Amino acid sequence: MASYNRVILVGNLTRDIEVRYIQSGSAVAEIGLAVNDRRKTASGEWIDETTFVDVTLWGRTAEIAGEYLSKGSPVLVEGRLKLDSWETDGQKRSKLRVVGEKMQMLGGRSGGGQGGPAGGGGQRRQPQQSAPNRGGGGGGGGGGDSYGGGDDYDSFGGSSDDIPF
């Protein structure tokens, strides 16, 4: 039987991130994520539930999270479930956690001043009014938008140092 282990979560960080480095030099960050869910009961009453999930980020993703995110920051994490098992005082224990493989920062910059120059690369650029023709007609040039992404990297307005990944 086939299996598929993939999790996508959107929530807010429950604490500030502390990045540590293991002996091999890889960065690791253990983050707490609060995921809110709102549902209606059979009686028609709305119930808010919060699920707290432990997530482990590795490598550059962990470093970026530690640099740009803080308690309360909204974030999307994609990863896989992993069951940790151990024994304490003769009692077997286990905990399900998420190993984050991708992380996307959500929301705008807070006024905390972290992550580079004020008014820097954290703001989204509005689409240009005079966008090039993205249709199939004409121009056989190898323009950078053939993938359909829409943004032209050269007109980004910042340097590659402004991009946190």
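Which leucines form a nonpolar patch on the surface? I looked, and Leu81, Leu83 and Leu96 do, with about 280 Å² of accessible area together. Before going on, I noted that this is a predicted model, where local features need pLDDT of at least 70, side-chain atom pairs count only at pLDDT 80 or more, and totals for chains, interfaces and linings use all residues. Residues are numbered from 1 along each chain as its sequence is written, and side-chain values use heavy atoms, with hydrogens and water left out.

**Entry: the patch**

I checked the rule: patch residues have over 30% relative accessible area and no salt bridge, with nonpolar side chains (Val, Leu, Ile, Met, Phe, Trp, Tyr) joined within 5 Å and like charges within 9 Å. The areas come from the Shrake-Rupley method with a 1.4 Å probe, and for residues only the protein chains shown count as cover. I found Leu81 in strand S5 (residues 74–88); strands are DSSP runs of E, at least two residues, numbered from the N terminus. Leu81 is partly exposed because its relative accessible area is 36%, and the label runs like this: buried is under 20%, exposed is over 50%, partly exposed is in between (1.4 Å probe, protein chains only).

**Entry: salt bridges**

Side chains of opposite charge can pair when their charged atoms come close. I used this cut-off: a side-chain nitrogen of Lys or Arg within 4 Å of a carboxyl oxygen of Asp or Glu. That gave me eight salt bridges.

I started with Arg39 and Glu49, whose side chains meet at 2.9 Å, N to O. This pair links distant parts of the chain, with Arg39 in strand S3 (residues 27–40) and Glu49 in strand S4 (residues 46–58), ten residues apart. Arg39 is partly exposed at 36%, and Glu49 is partly exposed at 34%.

Next I looked up Asp54 and Lys95, where the closest N and O atoms of the salt bridge are 2.5 Å apart. Asp54 lies in strand S4 and Lys95 in strand S6 (residues 91–105), so the pair ties together parts 41 residues apart in sequence. I got 23% for Asp54, partly exposed, and 38% for Lys95, also partly exposed.

**Entry: a buried partner**

Arg97 forms a salt bridge with Asp84, and their closest N and O atoms are 2.5 Å apart. Arg97 sits in strand S6 and Asp84 in strand S5, 13 residues apart. Is Arg97 buried or exposed? Arg97 is buried, because its relative accessible area is 15%, whereas Asp84 is partly exposed at 22%.

Note on methods
Helix = DSSP H or I, 4+ residues; strand = E, 2+ residues; numbered from the N terminus.
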